[in-house]
Amino acid sequence: MNDFTFLLPTKFVFGRGVTDRVGAELAAAGYRHALVIYGQGSVIRTGTLDRVLATLDAEGIEHTELGGVRPNPEVGLVREGVELARACGADLVLAVGGGSVIDTAKAVAVGVPYEGDVWDLFAKRAKIVAEGKLPVACVLTIPAAGSESSASCVISNDELKLKRGLSSELHRPVVAFMDPELAFTLPAYQIAAGVTDMIAHIMERYFSSVGPVPVTDNIACGIIHALVEEAPRALADPRDYDAQANIMWASTLAHNDIAGVGRNAVAGGRAGGWECHGLEHELSAHHTGITHGAGLAVVFPAWMRYVWRSAPERFLSFGRSVFGIEPVDAEADGVDVTPEEAVADAVTATIDELQAFFVSMGMPRTLGELGVTADDIPALLETLEQNKGARFGDLQPLTMDDARAIYESCL
Ligand code: NZQ
Ligand code: ZN
């Protein structure tokens, strides 16, 4: 197990009806004016926004609203938010929505004290400063990205066809309100994409270059195991409270680093090389209608098939823990396979099982299903290289030729 530093400052307020406690919690913490950010209408249709605003009114907390955040959020609305936060004198950014809304809130929060264009922070031309940065709170409406307590923020720039992550401990929200009943209105596709994203967040950390870290690895595989059981229940009945509650908490655990500590190859760094998120972010940067989790459902199994030979033991332990898959023992089982073939069969069965699970939830298997063709690959590789450099990743660093082969393998 490698050394790590882990601080999780987020307060979680979790359970039925916590949406009605937002104002009281924020008032107790001393906040006076919230810039409330939301998406393209679900929180209006479900009444969640009105519920939240009523709790602010009840406590005398002033509020200014900014709606319209789209999935794969764009920097244009972040710029608007920065101006609005400054103009109204907000002392808190309150996101009511999912990862896209929370990431917009995080970007606004770090943009307020920065005098230049907020995109500079994502282009790494300038650094986030703590002084003057606004705190972020969120009311989570979709369990998926884990942004409710993660140190990440991901924003797109349509003009440049870029989607960039910006990691900082300063991003972690001060408080996350997590009311599983808000997930009852989610379309099946979003439930499935959310679960896929959570599993991907855990696997990115699990398949790092670091060897076994049993305490962390068991947490990681245990969360995935639970998701494989709970997701079909939520899909069959989106109003199944316990299924939604378990999935919602899993989204947090999957991405707040608890499922990765000790697996970081670089001291103080994050566990894993995030290869599949790198590959996926190019897809949803160029094709803004692609849902992040759906893109991951396609590229993750393809990446696994491409790299597993660089760490067969790791893939075997994953298959064993999550799906109970063991390589056959040629002698004991009386079959005619070499030990190498037995390992390859077990790993392939594991990846097949994982992909079948994604597909069973309604996720795509191919890039074609997402509207991406072979002609799109050169442009994806161009911005991937700009974003990640000519070689990136950790378990098996990928060149642009590797990335091309992986994209081509899932056309
Ligand atoms: O916009 P509205 O109308 O609210 O609809 C949203 C949106 O269309 C809808 N929705 C949300 N809650 C709902 C609901 N519909 C009905 N009932 C509800 N209760 O769901 C759609 C997707 O919302 P979005 O916020 O985009 O989903 P998600 O949480 O998956 O966030 C995806 C974004 O987060 C980024 C992704 O790349 C993507 O841009 N990520 C952020 C991370 C982070 N900050 O830590 C990590 C991830 O790896 C990821 O990259
Ligand atoms: Zn993700």
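Trainee: Let's start with the second largest pocket. How many nonpolar, polar and charged residues are in its lining?
Mentor: Seven are nonpolar, nine are polar and four are charged. Keep in mind that this is a predicted model.

Trainee: Fine. How much space lies in that pocket?
Mentor: About 390 Å³.

Trainee: And which residues are closest to its centre?
Mentor: T5, E169, R172, D257 and G268. They belong to a lining of 20 residues.

Trainee: Where does the second largest pocket lie relative to the domains?
Mentor: Between them, because domain 1 and domain 2 both give residues to its lining.

Trainee: Remind me, what are the domain bounds?
Mentor: Domain 1 covers 11-183 and domain 2 covers 188-410. Their C-alpha centres are 28 Å apart.

Trainee: How many residues are in contact across the two domains?
Mentor: On the domain 1 side, 31 residues; on the domain 2 side, 28.

Trainee: Switching to the sheet. What is the strand order?
Mentor: β1-β8-β5-β4-β2-β3. That makes six strands in an open sheet, with parallel pairing.

Trainee: Why are β1 and β3 left with one side without a neighbour?
Mentor: They stand at the edges, β1 at 11-14 and β3 at 62-66. Each has a single partner strand, so one side of each has no neighbour in the sheet.

Trainee: What about the angle between neighbouring strands?
Mentor: In this sheet they are turned by 20° against each other on average, ignoring direction.

Trainee: Which helix packs on β2 and β3?
Mentor: Helix α4, residues 75-88. Its direction makes about 160° with that of β3. Helix α5, residues 99-111, lies across β2, β4 and β5. That helix runs at about 165° to β4.

Trainee: Now β6 and β7. Do they run parallel or antiparallel?
Mentor: Antiparallel, with four bridges joining residues 154-157 to residues 162-165. N157 has L162 of β7 as its bridge partner.

Trainee: How many residues are between β6 and β7?
Mentor: Four; the two strands form a hairpin. Check K161 in the turn: its phi is positive, about 55°.

Trainee: Great, I'll look at that turn next.

Methods:
Residues are numbered from 1 along each chain as its sequence is written. Chains are lettered from A and ligands numbered from 1 in the order in which they are written. This is a predicted model: local features need pLDDT of at least 70, side-chain atom pairs count only at pLDDT 80 or more; totals for chains, interfaces and linings use all residues. Side-chain values use heavy atoms; hydrogens and water are left out. Two strands pair if DSSP finds at least two bridges between them. Axes are lines fitted to C-alpha atoms, for helices over the stretch in contact, and angles run from 0 to 180 degrees between N-to-C directions. Contact means heavy atoms within 4.5 Å. On a 1 Å grid over the protein atoms alone, a cavity is a set of points where a 1.4 Å probe fits but cannot get out, and a pocket is an open set with protein on both sides within 12 Å along at least five of seven lines; lining residues have an atom within 4 Å of a point. Grid points are joined across faces, edges and corners, and a volume is the space filled by probe spheres set on the points. Ala, Val, Leu, Ile, Met, Phe, Trp, Tyr, Cys and Pro count as nonpolar, Asp, Glu, Lys and Arg as charged, and the others, Gly among them, as polar. Domain bounds come from an automatic or database domain assignment.
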